[in-house]
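Please examine the structure shown below with attention to its aromatic side chains. The paragraphs that follow lead through them step by step.

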Amino acid sequence: MCRVPGPIQSIERAAAILRLLARGSGRLGVSEIANSLGLARGTAHGILRTLQGVGFVEQDDETGKYQLGAALLHLGTSYLDVNELRSRAINWADALAARSGAAVRIGTPLDGKVLVVHHVFRPDDTLQALDVGALLPTHATALGKVLLAYDASAVAALRGTLEPFSRRTITLPHALDRALAEVRDMGWASEVEEMTVGEAGVAAPIRGQGGLVVGAIGISGAVERICDVKGRPKPALVTYVRDAARAVSRDLGASRW
Amino acid sequence: MVERYVMSIDQGTTSTRCILFDHGGRLVSVTQREHRQHFPKPGWVEHDAMEIWRNLERIAPEAVAQAGATPDQVAALGIANQRETTVLWDRHTGRPIGRAIVWQDTRTAALVEELSGSPQADSVRERSGLPLATYFSAPRVRWMLDHTPGLRESAERGDVLFGTMESWLIWNLTGGPDGGLHVTDVTNASRTLLMDLTTLDWDERLLAFFGVPRPMLPEIRPSTETYGTARRVLPGVRIAAALGDQQAALFGQTCFAPGEAKCTYGTGGFLLLNTGTEPVRSTHGLLTTVGYKIGEEPAVYALEGSIAITGALVQWFRDGLGLISSAPEIETLARTVDDNGGCYIVPAFSGLFTPHWRSEARGIIVGLTSYITKGHLARAVLEATGWQTREVVDAMNADSGLALKALKVDGGMTADNLLMQIIADVLNVPVIRPMAAETVSLGAAYAAGLAVGYWPDLEGLRRNWHRAAQWLPSMDPSRRAVEYDNWQRAVERTFDWIRPAGNDGHGGDPPPG
């Protein structure tokens with residue numbers, strides 16, 4: 001087990017700034033905040049800029065004073081609108097479909113399922129139907145496994161309801177736990193005939209600020225197109241998917257990915 | 001060194017972008033920089049041409065570096081640009097004369113009204129294919145010559161040059177004051193009101209009518225042709241194409257056959273229909289314009305329907321009303337209700353363009369009852385783009401004698417699935433989004449690549465086009481008819497709002513035809 005670290009000073013200070021702004025009139029300049037908390041002006045400014053970046057404080061354009069941000073009021077609800085996500089991801093999703101030759105979908109969590117928020121056709125100009133708005137099971141799809149892998153409470157909610165769709169669907173909780181640990185280790189997920197016989201898919205996480213997983217982007221198609229002869233996803237395709245996920249994440253403000 | 005990429009420069013209204021494309025037409029790297037919008041007076045919109053040039057100097061090498069490439073791996077570069085924006089500059093110093101006057105600027109309203117009264121005004125549309133309106137370049141050139149002491153004399157001597165943005169950039173890229181090439185392409189020239197649509201050359205009578213001296217004008221060249229080689233920024237790279245942005249989108253959507261059309265949804269909406277090698281004169285309020293001209297081949301013409309306000313209505317909903325915090329949220333809000341609740345918004349913010357050309361019209365929200373929520377308003381915002389497209393398509397069908405079978409769409413608003421479904425529903429044809437949403441940039445790259453043999457022919461380009469999404473109409477025909485009737489009644493209610501006596505902001509675009 002790792003050693004429990006002590007409290008992190010900058011987080012304590014950030015909390016103090018939020019408490020201070022929540023009091024009284026709630027609009028304070030950087031010097032007022034620094035004086036109230038006994039901080040150096042530069043330190044207070046750095047913390048305020050960070051809080052502003054995540055939307056927890058806002059700065060008035062004219063007076064330069066700070067107040068609590070709107071994001072604090074919506075902490076419980078999804079902070080990224082799904083239509084906003086599609087709009088930010090659309091160019092990279094197109095490029096992924098063009099490179100991989102496969103259909104692309106972007107999914108976000110909704111009531112224990114995967115909501116398809118964006119779909120790019122397989123680039124062969126055959127007749128295909130748009131399935132934006134469709135709900136997919138989480139445990140039997142690559143997109144869903146990505147969303148589960150980074151959300152422990154969603155996994156807990158799923159216990160006992162692992163419906164089989166094919167012979168290869170993961171239906172045992174401990175098998176799912178093992179699969180999700182593997183997803184976290186590798187940074188991507190796959191599905192091989194677990195939802196539909198003859199179909200396979202690969203997906204990777206889309207991260208927002210601070211690394212929070214806000215969705216998953218992935219490709220899917222016939223097993224022989226997605227997988228090699230050993231039945232594993234082709235490394236080149238995995239690279240394309242992960243590159244696209246990273247590009248979208250960077251656009252959303254996730255710095256490390 | 002193997003030539004691996006083609007670069008496109010998209011010099012747009014709010015920003016300049018450089019994109020490298022590979023042989024499959026796939027995006028490899030993107031760099032972008034916004035420039036300042038100057039609003040010195042109501043109705044005035046200006047850009048600093050020098051700022052735009054400096055932005056290009058910075059982002060073009062960045063795009064090459066981002067791809068891990070070197071300039072000698074770039075086979076050619078093509079330019080797509082905001083149309084009609086007018087730059088004047090000093091040939092000897094390379095400095096712009098004042099700021100560039102942007103296409104949205106309406107300062108020439110009084111001048112245009114005065115010119116419209118002249119007996120020769122009728123021939124303007126016949127020769128140029130365009131209505132006499134503030135939207136186009138010639139009245140702006142005249143305005144600058146009239147308002148800057150000594151400028152007319154300098155222009156007559158050829159010391160001062162005129163160009164739209166592509167001319168300005170090509171002149172600078174090819175050396176600027178030190179031997180820079182002063183050229184434009186047929187599509188940009190076709191938006192000045194100064195070019196004869198059939199000869200594709202400057203028309204002496206139009207030049208005389210607007211009072212524009214010929215020595216200041218660039219040479220008109222085909223859209224795809226190697227104009228010259230860059231001596232600055234990307235030394236040695238061939239400059240091989242220029243197109244107005246909407247024409248570039250037509251090219252990027254590979255609408256190479258007569259009857260093929262595309263609609264680009266951005267701030268405004270622009271539907272262009274390829275009409276082949278003969279210009280089609282509109283009797284339904286459309287513009288006749290050059291679509292593209294490949295080298296020595298005959299020019300291909302287009303009919304254009306221009307909608308002034310599409311995405312700009314969503315921006316107003318966000319910034320003016322504050323009902324949403326980002327543009328894509330309009331879809332989220334609109335989906336909170338099943339229909340418009342009987343409410344219609346006609347965004348005639350500065351009059352109506354195609355097919356009405358009513359400069360005295362102003363916007364309305366009609367059908368308000370206590371039942372209406374912001375969700376209904378959001379739906380009415382999206383439906384306004386749908387019905388405005390329908391009006392343009394009806395005009396296209398009437399002028400061309402063809403019935404549109406499918407609409408190819410592109411631009412930022414195509415990320416809005418509800419809007420795309422609405423457009424399919426009101427047009428009653430499938431709406432198709434291609435795999436490259438950046439069709440303006442792609443079109444400029446295609447044109448440049450074609451000129452230097454990076455791509456062999458139009459058929460090769462067509463094979464790069466793939467369908468990324470398709471929306472099929474699913475609206476009950478009787479409901480479509482009722483809704484369209486409601487929309488048309490709403491549009492009628494916007495007419496005649498600005499009274500001639502007040503004359504404030506009035507007197508822009510007269511009805512063409």
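In this predicted model, helix H6 of chain B, which covers residues 165-173, contains both B:Trp168 and B:Trp171. The two residues are 3 positions apart, about one turn of the helix. A pair of aromatic rings is described by the distance of the centres and the angle of the planes. For B:Trp168 and B:Trp171 these values are 6.4 Å and 15°. Because planes under 30 degrees apart count as stacked, this pair is a stacked one. B:Trp168 has a relative accessibility of 0% and therefore counts as buried. B:Trp171, at 1%, is buried too.

Another aromatic pair is formed by B:Phe256 and B:Tyr292, with 6.1 Å between the centres and 85° between the planes, an edge-to-face arrangement. B:Phe256 belongs to the loop between helix H9 (245-252) and strand S13 (261-265) of chain B, while B:Tyr292 is in strand S15 (residues 287-292), so the pair ties together parts that are 36 residues apart in sequence. B:Phe256 is buried at 10% relative accessibility, and B:Tyr292 is buried with a relative accessible area of 3%.

Aromatic residues also gather in a group: B:Trp103, B:Tyr135, B:Phe136, B:Phe353 and B:Trp357 form one cluster. Over all chains, the count of aromatic pairs comes to 16.

Rings may also be considered together with charged side chains. In chain A, the charged end of A:Arg207 sits over the ring of A:Tyr150, at 4.9 Å from the ring centre. In chain B, the charged end of B:Lys408 sits over the ring of B:Trp465, and here the distance to the centre is 4.7 Å.

Definitions and conventions:
Residues numbered from 1 in each chain as written. Chains lettered and ligands numbered in written order. Predicted model: local features only at pLDDT ≥ 70, side-chain atom pairs only at ≥ 80, totals over all residues. Heavy atoms only, no water. Phe/Tyr/Trp six-rings, centres within 6.5 Å; stacked < 30°, edge-to-face > 60°. Helix = DSSP H or I, 4+ residues; strand = E, 2+ residues; numbered from the N terminus. Buried < 20%, exposed > 50% of the residue type's maximum accessible area, 1.4 Å probe, protein only. Lys NZ or Arg CZ within 6 Å of the ring centre and 35° of its normal.
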